[in-house]
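Here are some friendly notes to read alongside the model. Please keep the structure open as you go through the points.

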Amino acid sequence: MDCILTLDIGSSSARTLLFGTDGREIPGFESHIPYQASTSEAGGWEIDASKLTDIAAQALDPICSKMRSMKIRPAAVAIDTFWHSILGVAADDKAVTPVLHPFDSRSASAAKELATRVDETSQHSRTGCVLHPSYPPAKLLWLSETHADAFQAATRWMSFGEYLFLVLFGRSACSTSMISASGLWDQNANGYDREMLDVLPIKEEQLAPVDTMDSPHTKLSGQFARRWPELDGIPWFPALGDGACDNVGSGCTQRERYALMVGTSGALRACAQVDSMAIPTGLFCYRLDRKRFVLGGALSSGGDVFAWMRRTLQLPQANELERQLAQLPPGQHGLTILPLFAGERSTGWRLDARAAITGLGVSTTPVEILHAALESVALAFRNVYELMLSSLGEPKEVIASGGGLLHSPSWTKMMADTLGHTVIPCLEPEATSRGAALVALERIGAIRDIGDLPPRLGSEVLADETNKPIYLAALENQRRLYKKLLDI
């Protein structure tokens, strides 16, 4: 059958879907397996590599069973996982460390140590990654200092997507997309960053070989070939970064289209097929593939701000809450909020940053606090947006995705007003998986380009020019508060 099977391994679940060559999800084939990573008060966020592999396999079982009963054989398998993961693997192909998630912050001191060994500005301009515990360099140094035995036992270092291929095929496989977000990759040179490797206790030989990147595997190892015969002998493409796939799935494959995503966290990104990319301070730069960059910024807090307010404040039910939010005028609550509930990534990358609410009075209502909090997230996106303009120019369109945002038309309107640009909702329910499928379709020659199959979009949400000065003033208030509390 002319279809692509997708496997999306996120931070809390694994999901499989089937997409046709028209880029549309084929209904009735979804499988979803939730999981929970191990966390600690010290900042740990990890999961056993074998456990996560089993979860991915469990997600494949039901969809394969249904395809088998219907005699369906997909054309390829497309995979995406969360960016920035790292684990160590011994010579016997066994994992000797857990999968360390980008939210694992235990390597904060190691990130500071790295900052004394390299020029941070130059390093960021090459790798597109800051010296921060979200990224593998800090984690590698931290592991070498705190888990010396495991570190010495590791002969290779890889992302979870690579390890999954090692288990399923007996050989690991890496994509340019995945390695580009490791902090070990020179984005414009399209190769490993020698200066970064020189200050870390690892060698390039312990990482994925450049000459085999992006190459699919086809022959599953024996037990998995027997378990999923319909997936044996077809191309499995190495795992892509989930953020890059979200851009593709929401139709943001050119620099003129910005992708605004708000889930638990948030991101504003653009793809650009250019020869080189100037990387502004405060933003990240990775790759979708060898020819396309992904430039943008990430917020540690997005939809979780809304969720925290719902848990903490006495707010009305969803429909009534949305009605009240829509009635409140912008910026009239007198509050200034830093929505840094989970620390900060873009644009200051301050792990020690925390949320702050100022301006509360006896007459301040719970809905006003929520309204101000949602506006504060939109203002944080404005900071990212302005930096992106310096490299990419004004977008023709801003496409919004993610349940955290699209479940609230009022919040979407705040985003449009704050950015000063029309926002168009993406109606694709699984944009990330769709993006992985489109990349696979391009790779097998079923479509000419990943932009050939546009997503389903909703009605435009127009920016109200009369609100522009209000939000610019609110932005300056937020920046002043940030400077007062954090720029010490």
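1. The lining of the largest cavity is made up of 10 nonpolar, 4 polar and 1 charged residues. Here Ala, Val, Leu, Ile, Met, Phe, Trp, Tyr, Cys and Pro count as nonpolar, Asp, Glu, Lys and Arg as charged, and the others, Gly among them, as polar.

2. A word on the basis: this is a predicted model, where local features need pLDDT of at least 70 and side-chain atom pairs count only at pLDDT 80 or more, while totals for chains, interfaces and linings use all residues. Residues are numbered from 1 along each chain as its sequence is written, and side-chain values use heavy atoms, with hydrogens and water left out.

3. Back to the largest cavity, which holds about 120 Å³ of space. A cavity is a set of points, on a 1 Å grid over the protein atoms alone, where a 1.4 Å probe fits but cannot get out, and lining residues have an atom within 4 Å of a point. Grid points are joined across faces, edges and corners, and a volume is the space filled by probe spheres set on the points. Of the 15 lining residues, S85, S159, E162, I179 and S182 lie nearest the centre. Both β9 (156–158) and α7 (176–180) give at least two residues to this lining; helices (H or I, at least four residues) and strands (E, at least two) are DSSP runs, numbered from the N terminus.

4. The second largest cavity has about 50 Å³ of space. Its lining includes R382, D417, K468 and Y471. Helix α17 gives the largest share, 4 residues, and by class the lining has 5 nonpolar, 2 polar and 3 charged residues.

5. Do have a look at strand β13 too.

6. Which strands sit beside β13? Strand β19 (residues 397–401) runs parallel to β13, joined by 5 bridges, with Y258 opposite V398. Strand β14 (residues 266–272) is antiparallel to β13, with 4 bridges, and A259 has R269 as its bridge partner there. Two strands pair if DSSP finds at least two bridges between them. A hairpin through 3 residues connects β13 to β14.

Methods
1 Å grid on protein atoms, 1.4 Å probe; cavity = no way out; pocket = protein on both sides within 12 Å on 5 of 7 lines; lining within 4 Å.
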